[in-house]
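Here's a quick briefing to read with the model open beside you. Take it topic by topic and find each spot as you go.

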Amino acid sequence: MVRSLKNPKKAKRKNKGSKKGEGSASSNQSAPAVEAKVWQPGVDKLEEGEELQCDPSAYNSLHAFHIGWPCLSFDILRDSLGLVRTEFPHTVYCVSGTQAEKSSWNSIEIFKMSNISGKRRELVPKKKNEDGSDMESDSSDSDEDDEENGGGPVLQVRKVFHEGGVNRIRAMRQNPHICASWSDTGHVQVWDFSTHLNALAESDSDTTHGNSTVLNQDPLVKFSGHKDEGYAIDWSPLVTGRFVSGDCKNCIHLWEPASDSTWNVDSKPFVGHTASVEDLQWSPTEPYVFASCSVDGHIAIWDTRLGKSPAVNIKAHNADVNVITWNSLASCMLASGSDDGTFSIRDLRLLKEGDSVVAHFEYHKHPITSIEWSPHEASTLAVSSSDNQLTIWDLSLERDEEEEAEFKAKTNEQVNAPTDLPPQLLFVHQGQKDLKELHWHTQIPGMVISTAADGFNILMPSNIETPLPANI
């Protein structure tokens, strides 16, 4: 159960170029000055004088930014800019909630990041000329820096006062301007941010990077029926407006929409766990079915038509189950991450046979803080951990020694990769401290956004080539 930021004041990122509370964006374009070597947290040690550096060739795009206080939770908002976008520069809309030093300083941040630059890179480097330049290169293949893309990413923020720290925030998939937030005061609130999103959409991308003004706005609904604060909340992908919220006292409440701006909350909770409910996920195919995970080490599957007890209760891990994710492209697959650093994938079709685990990984040595299946590849998922690593996995991969030897021969260089890495491990992203949550962008294949104590990262690994739908 690793959730709260221990000391937001110390974690607050310092930036001499921006005022307190204002947003800032930057790009990571620096290349290692010495021969690159893969560094593993918890395995390798930094010698005196050594520094870790990012290899920009590993990314199609990588940008870092912050919006003031650290954010424990955020969500990517669906937009009208295109269902499948592959050309740079990109624009994204998000909503997040702060964990400020003082409760009265908290806010919900609705922000727009535009002019996100990037480029496509070859997996196998091109051959070099005698002068060190790429063979068969032309101006279209040359690296474009941020200046050539219009000055780099532009961050615009709208802030709404929020009573207490934001434990978790989620946007309705069908109507992304409607968002639900869990407060550390014990309240669940639903908001309408359409005015702010419209203002961001209409604003000039050349305007100021941040806005320190915090606006007052009343929520559509403020529910006080939970007996404690919580972290679990999820909107139904199938029924507009339906969602569930779970608290630290093991209770889950069902919300049903009564209109576009009102909800009926079932006062009688779903109870089946013996400890805090940590995460909730609706089935991508069954409108009455959702899953929950708990500090009690179990995952429960619920059917709202069958009463207030779980239909299935699974002993999932030997420690707290922090997060779960239901595969929207392969609905039989449910993944879970634990406090002991392990994460597992279950085939729900095998539940009746007893052992439904089809894959189990022990790569991370610290608690799993977030896990999410890719919305574009059924076998791919991303994981973040308290070990300051964000990893991307492709479960369809198997080790092929001949292919590895061929790749090394083509590159004609020492890769310096550890030999004991799981073959399913596709990518490792480092550089953020105290990683809390990640999400894939559903409209930009290959893009992942993550939040940590020191701010946000937007990344697009260069070795993730997502095939586009046939009808695009």
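Let's start with tryptophan 69, which sits in the loop between strand 2 (59-66) and strand 3. Strands here are DSSP runs of E with at least two residues, and helices are runs of H or I with at least four residues, all numbered from the N terminus. This is a predicted model, where local features need pLDDT of at least 70, side-chain atom pairs count only at pLDDT 80 or more, and totals for chains, interfaces and linings use all residues. Residues are numbered from 1 along each chain as its sequence is written, and side-chain values use heavy atoms, leaving out hydrogens and water.

**Tryptophan 69**
- Tryptophan 69 is buried, with a relative accessible area of 12%.
- Buried means under 20% relative accessible area, exposed means over 50%, and partly exposed lies in between (1.4 Å probe, protein chains only).
- Look along the sequence and you'll find alanine 453 is 384 residues apart from tryptophan 69, yet in space the two are 8.4 Å apart, C-alpha to C-alpha.

**Strand 12 and its partner**
- Strand 12 pairs with strand 13 (residues 243-247) in the antiparallel sense, over 5 bridges.
- Two strands count as paired if DSSP finds at least two bridges between them.
- Within this pair, tryptophan 235 stands opposite phenylalanine 243 in strand 13.

- Most residues other than glycine have a negative phi, and most peptide bonds are trans.
- Phenylalanine 88 and proline 89 are joined by a cis peptide bond, with omega about 0°.
- You can find proline 89 in the loop between strand 3 (71-76) and strand 4 (90-98).
- Asparagine 115 isn't a glycine, but its phi is positive, near 60°.
- Asparagine 115 belongs to strand 5 (residues 107-116), and it's buried, at 16% relative accessible area.
- Aspartate 434 also isn't a glycine and has a positive phi of about 60°.
- Aspartate 434 lies in the loop between strand 28 (425-429) and strand 29 (435-440), and it's partly exposed, at 24% relative accessible area.

**Serine 356**
- Serine 356 is in the loop between strand 23 (343-347) and strand 24 (357-361).
- Is serine 356 buried or exposed? Serine 356 is buried, with a relative accessible area of 2%.
- Leaving aside residues up to four places away in sequence, serine 356 touches Ile345, Arg346, Asp347, Leu350 and Leu351; a contact means heavy atoms within 4.5 Å.
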